[in-house]
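Please look over the sequence and the structure first.

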Amino acid sequence: MHRAILSTILIGLSSLPVRAEIWNGERDLVVGDFEGESYDLWTSTGDAFGDEPARGNLATQMPITGFQGKRLANSFHGGDDSTGTLASPAFTLSRTYISFLIGGGRRPGKLELQLVIDGQVVRRAFGSQDKPGGTEALEQGYWSIGDLEGRTATVRIIDQAKGGWGHLNVDHIVATDKDPSGITLAPVPGLNDPPRQPTCLVHDIAQSLDPRGSGIFIPIRNGAPKRVLTLMDGDSVLMRNEVELADDLAKADWDAVMNIAPFKKVGAALSIHLDRMKPSFMMRTPIFDPARANAGSGTGRGGYDEPLRAQYHFSSARGWLNDPNGCVFHNGEYHLFYQHNPYGITWGNMHWGHAVSTDLVHWRELGDALFPDESGMMYSGSAVVDWKNTSGLGRDGKPPLILFYTAAGDEYTQCMAWSTDGRTFTKYAENPILRQVTHGNRDPKVIWHEPTKQWVMAVYVELKGVHTIHFYTSPDLKTWTYASKTDGFFECPDLFELPVDGDPAKKKWILTAASSEYQIGGFDGKTFTPETPKLPGHRGKGFYAAQSFSDVPDGRRIFIGWWQTETKGMPFNQSMSLPLELGLVTTADGPRLTFTPVKELEKLRGERRDVIRPDQPYGARPRVPLVTRVEAGGLHEVRVEFEPTTAGNVILRIGGSTITYDVKARQFIVHGQRANAPLIAGRQRLTIYCDRTGIEIFASDGQCYMPVPVNIGSDPQPSEISVESDGGDAIFHALQVHELRSAWR
Ligand code: FRU
């Protein structure tokens, strides 16, 4: 291709000639370098870009690095809340690439560098920052535009983003035929531009690995700029994730695992692509290492002993976890799916992680079951066994296990996936099963309603600013009809029936949602009729988005929540609460929920010590602690029963945690957290579970459930448990200590 070298090109567009392209002497066309005292031929609207290119950072902005020359386009004029656009003159595309430097916020749709042809955005790029802190640095990015040769285009920067990281930094936009220096041939995915040159081809080895054990290790450096990691089969994109990639292996904090098992099939040509990596990266980094890629999700079997690894609360081997999803009993196993980011220790890239257990205590993590796709990330949802095969998805007399999830893409739709073996899941070909009602609607909870012999789905929908739960019904799980709605609950609904005081003839319905607040009432298959106001659920901290298990054979209603236990410095983050059995008891105020640790947890018990026995009660006097030394390790179940007679406070210390009962207020105070806990027949009966990441307290016969995340860690020293009173006497009727074993061994 021959192109003349000129210092200025004049392009005639309609009748208005504009100077759009400047040769920089290297056959490259500078579209914008923002070195002048004005934006020159670029036009700006709004306030964000000010009157002239910025000389680095603006007032209150962190220092900017990585721009070229003395100035750059910076949309922080007037701070993050200002908005505006900055557009180049139109010019003819005549090179293979446009390269640029870009930094600032990652807010797709609101904050973009765009290539526009005939009013259509044909390429886009974003900054990389999406949380407080971070860096203003610009990094190189580029678009492949060979296919657009001869078209007339403009480059435009839009800033419609307000609040944190609501600005972009852009510089040195150049059209070029050279591979933009310092970057691989894989164009930036996430744009309308599927990558063509693989960074790493995994085809051959993918075929030879055990189909259930194909993991590719991806080195992660926490906080590193996010790269887009794309898995492709030939030309089609299978999955895209954002990864804080360690481009220097020596600096990796941990290895994430990309589970490619579900994508392997005969004839598949799988390849992995990374945007914006230096070519040398490939050489230095064995992205995939079949010798290590044999552990499904990379559970690092035999591991689970990191200092901040909860020892009997479920956590994912690697990566971030939030809500429990798809809790169900099927074929002899409890299935716990969960919101999982396999590639980072913060929220993002939502997959459904998957673990199974036969006893709710010992969990085995399998690889991720649901992967983000073109319909969006895989948000929370539920699961049922379709016993009567109403969906027709069962095979050979095997009832299907069906998962319901929200695909959180441009639209938020409700979808399903099914399995007959509980291992491999197929997304339903005719998804979605429910279109978007309003943006952000999510978290389908599906149950079978026996009296009306139909399926019911509860979904969270924000309607004109009001948080509502919508109910739908279906004969076959595939087609859904709107039935009713109720106001006042936010995210992750659950709906179930419980007997009052264990009497199967007296049942009530419970509607609850992410906060675990609940209402008791009636449900006729279409409409929930509340009989109580919203009542508080848990009384502690960091317990959220709990979900009850479907299809539990003995009819127990087992509930498990996301326990927000932050574990800094670990290759994983967050955990689940203990599995809890729910009950309804009559109280002076009416029926109330009770939370009790499931009985299976008793399997973890090791040595038992009866420090105080019911036949030899202990009269505690003010400030005279009764002290017991316990084994190192800090894993305990402690059972206490006391009568606070004249005491002002009754105090229990376990390792570093102090549990104070304020007798007058009838409240527990634990790590600054207060919880109402009535005395029952003048006594307080407590069960306390201590793990490395927190304690869970069950008081008032289960009416008070108080989870408190606190990093206790693995304590190498023996610790102490003590009881005492304050301001008066108390009688202890029992103090029983069980050492607990790790559930991972
Ligand atoms: C609750 C939640 C859900 C959503 C999921 C996304 O924690 O916001 O509503 O489906 O997390 O991870």
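## Aromatic pairs

Phe34 is buried, as its relative accessible area is 6%; buried means under 20% relative accessible area, exposed over 50%, and partly exposed in between, with a 1.4 Å probe and protein chains only. The model is predicted: local features need pLDDT of at least 70, side-chain atom pairs count only at pLDDT 80 or more, and totals for chains, interfaces and linings use all residues. Residues are numbered from 1 along each chain as its sequence is written, and side-chain values use heavy atoms, leaving out hydrogens and water.

Tyr39 is likewise buried, at 6% relative accessibility. The structure holds 33 aromatic pairs. Phe34 and Tyr39 make an edge-to-face pair, because their ring centres are 6.3 Å apart and their planes stand at 80°. Rings of Phe, Tyr and Trp (its six-membered ring) pair if their centres lie within 6.5 Å; planes under 30 degrees apart count as stacked, over 60 as edge-to-face and the rest as tilted.

Trp352 and Tyr405 are also edge-to-face, because their ring centres are 6.4 Å apart with planes at 75°. Trp352 belongs to strand 22 (residues 351-357) and Tyr405 to strand 25 (residues 401-408), so this pair ties together parts 53 residues apart in sequence. Both Trp352 and Tyr405 are buried. One aromatic cluster includes Tyr312, Phe496 and Phe543.

## The chain as a whole

The protein chain has 2 helices and 54 strands. Helices (H or I, at least four residues) and strands (E, at least two) are DSSP runs, numbered from the N terminus. Of its 745 residues, 59% count as buried.

Among contacts (heavy atoms within 4.5 Å) between residues at least 6 apart in sequence, 64% join residues at least 24 apart.

## Around the ligand

The ligand is surrounded by 13 residues, and the closest are Asp323, Gln339, Arg442, Asp443 and Glu491; a residue is near if one of its heavy atoms lies within 4 Å. Strand 20 (319-330), strand 24 (377-385) and strand 28 (442-449) each supply at least two residues of this shell.

An N or O atom in the side chain of Asp443 is 2.6 Å from a ligand oxygen atom. For Trp347, a polar side-chain atom lies 2.9 Å from an oxygen atom of the ligand. An N or O atom in the side chain of Asn322 is 3.1 Å from a ligand oxygen atom.

Methods:
A polar contact is a pair of N or O atoms within 3.5 Å; within protein, one must be able to donate a hydrogen and the other to accept it, and residues adjacent in sequence count only if both atoms are side-chain atoms.
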